[in-house]
Amino acid sequence: MMGKYAAVVPADLYYSRNHFWCRVVAGKNRFGFSSYAIKLMQDVYFLDWQVNAGDKVALLEQIGHIETSKAVSDLFAPIEGTLLGFNPEVLADPSAINVDGYDKGWLFEMDGGIDSLMDANAYYGFLAENWEKAQRMLKGKINAGDD
Amino acid sequence: MSQKKLTVVLSQAQGKDPVRRAIEEEIAAALLMEPGIDLGIVPALYDLNEGHTGRLYLEGVQGDMVVISWLYPRAAYWLLDRDGIQGKMGETNIKPADNNDDDDDEGEEASKPKGIGAVKFQDRFIYCLDLRDAKDHRTYIEEVRRIFSECKQRWGAATGDSKPAIVQLGMNISTPASTNGNATGSTAFPKEEMLKIPGRRWYPVIDYSRCTNCMECLDFCLFGVYGVDSLERIYVDNQDSCKKGCPACSRVCPEQAIMFPDYKSPAIAGAPVGAISGLKIDLTKLFGGGDALVIAAKERDKELLRDGRDAVGLTVGIPKRQSDKKDSPKDELDNLMDSLDTLEI
């Protein structure tokens with residue numbers, strides 16, 4: 001799906017188009033990075049949230065920023081709703097994101113509808129469908145030099 | 001005259017973070033004991049308004065200066081430049097902790113920015129150190145020592161030949177800063193006045209080493225923040241007309257020349273441009289980020305509405321870009337179009 005690498009996509013989770021997984025834990029939607037996202041970013045160095053617990057956020061509103069060994073990116077809300085809280089452990093030490101991304105490396109919890117999310121099958125299809133495009137984008141970025 | 005002192009200005013963190021205050025105090029205590037160093041302590045650099053004693057003190061510093069703050073060096077340097085506290089950018093050896101990327105750290109420097117540069121008035125060096133780069137205060141003390149010896153070498157060289165010329169020109173560059181006495185203790189700048197906490201401010205800072213004077217920020221901002229100086233260079237005219245929290249013009253800038261030193265994402269706060277976008281891939285699009293212009297227009301609309309004005313969306317001051325187009329050599333048609341542009345037809 002990602003060239004010669006296989007991304008692990010657990011079947012019991014839901015996925016957003018911007019590469020977060022979602023699991024309902026004690027009535028809250030818990031989100032983390034899919035292994036696809038982690039594979040692209042590699043080791044997380046720095047994670048920063050720009051919203052606070054209790055804030056209402058729109059779909060794809062910017063909520064934070066990440067810097068990893070290979071990439072930087074702003075981060076955007078996977079659903080519309082209220083932010084309930086962040087995983088304090090990965091804020092203190094983001095390595096759990098790389099070590100145990102689908103469990104201890106969770107990122108934040110939100111209230112709000114998750115009907116828009118995909119199941120594992122659909123996400124797998126989404127990845128396969130977009131891999132060509134993603135590759136083109138990545139190569140473009142690398143070749144673009146200072147932009 | 002070569003017995004000049006080096007001025008070190010420590011800019012405190014905003015707020016009362018005990019961890020930050022502790023490292024500031026360790027550095028201050030060590031520098032007070034350091035021979036040849038004049039230490040001045042001011043509140044957060046970014047917040048110093050015109051007339052603040054801390055700022056007057058900074059304006060009065062003569063000769064080379066080290067500024068230690070909680071800002072990215074690039075942000076601190078250009079912030080001072082805007083306030084008329086100018087000099088050449090001194091190179092520091094302190095680099096961000098996680099900047100040990102593979103092999104090509106230096107290579108990126110090759111892509112030199114094509115900005116219009118600063119208008120320099122003072123022949124001296126300003127070194128900006130970022131307090132977030134190292135946890136141990138000794139790192140900063142050692143760096144100050146290294147810079148001091150670098151400065152002394154330069155001063156030594158200068159007194160050798162060029163000094164008489166300077167005197168003839170009537171510029172008192174070689175007046176030692178130390179005649180002002182110990183900065184923090186001097187009567188001109190009473191300590192309590194210097195350390196008076198100013199109100200929080202919010203305004204853009206232009207990095208003229210990147211700015212190409214394209215004026216897109218001037219067109220985009222509808223709050224009258226930007227202006228043009230007597231040399232027809234863009235500059236931040238009305239700093240305090242800026243809308244707190246809004247970084248929209250920074251996103252519009254095609255050269256990443258506009259910084260908001262207090263903004264949360266490093267790219268906007270003034271992180272080294274090479275490290276952020278040169279060495280690393282920006283995955284923002286992949287993670288659901290929209291076009292920077294769309295985000296900027298939304299941020300601007302929010303502030304317009306808050307002011308009781310109408311939102312303008314993407315209709316005003318949005319530069320037309322062909323961002324996906326490769327930079328190909330111009331052909332004859334392009335040249336023809338360019339010449340039409342200059343004729344203003």
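1. Two strands count as paired if DSSP finds at least two bridges between them. Helices (H or I, at least four residues) and strands (E, at least two) are DSSP runs, numbered from the N terminus. On that basis, strand 3 (residues 65-69) of chain B runs parallel to strand 5 of chain B and is joined to it by five bridges. B:Val66 is placed opposite B:Tyr127 of strand 5 of chain B.

2. This is a predicted model, in which local features need pLDDT of at least 70 and side-chain atom pairs count only at pLDDT 80 or more, while totals for chains, interfaces and linings use all residues. Residues are numbered from 1 along each chain as its sequence is written, chains are lettered from A and ligands are numbered from 1, in the order in which they are written.

3. Strand 5 of chain B also pairs with strand 4 (residues 88-90) of chain B; the two run parallel and share three bridges. Here B:Met89 has B:Ile126 as its bridge partner.

4. A residue is buried if 20 or more other C-beta atoms lie within 10 Å of its own, exposed if 12 or fewer, and partly exposed in between, with C-beta atoms placed from the backbone. Strand 5 (residues 125-130) of chain B is largely enclosed by the rest of the structure, because five of its six residues are buried.

5. A nonpolar core is a set of buried Ala, Val, Leu, Ile, Met, Phe, Trp, Tyr and Cys residues joined through C-beta atoms within 7 Å. The largest has 71 residues, and B:Val66, B:Val67, B:Ile68 and B:Cys217 are among those with the most contacts inside it. Helix 3 (residues 73-82) of chain B gives this core its largest share, six residues. At least three residues come from each of domain 1 (6-87 + 122-194) and domain 2 (205-343) of chain B; the domain bounds come from an automatic or database domain assignment.

6. A second, separate core has 37 residues, including A:Val57, A:Leu83, A:Trp106 and A:Tyr123.

7. Two backbone angles deserve a look. Most residues other than glycine have a negative phi. A:Leu60, in the loop between strand 5 (56-57) and strand 6 (62-68) of chain A, has a positive phi near 65°. A:Leu60 has 19 other C-beta atoms within 10 Å, so it is partly exposed.

8. B:Glu232 is not a glycine, yet its phi is positive, at about 60°. B:Glu232 sits in the loop between strand 7 (226-228) and strand 8 (234-236) of chain B, and it counts as exposed because it has 8 C-beta neighbours inside 10 Å.
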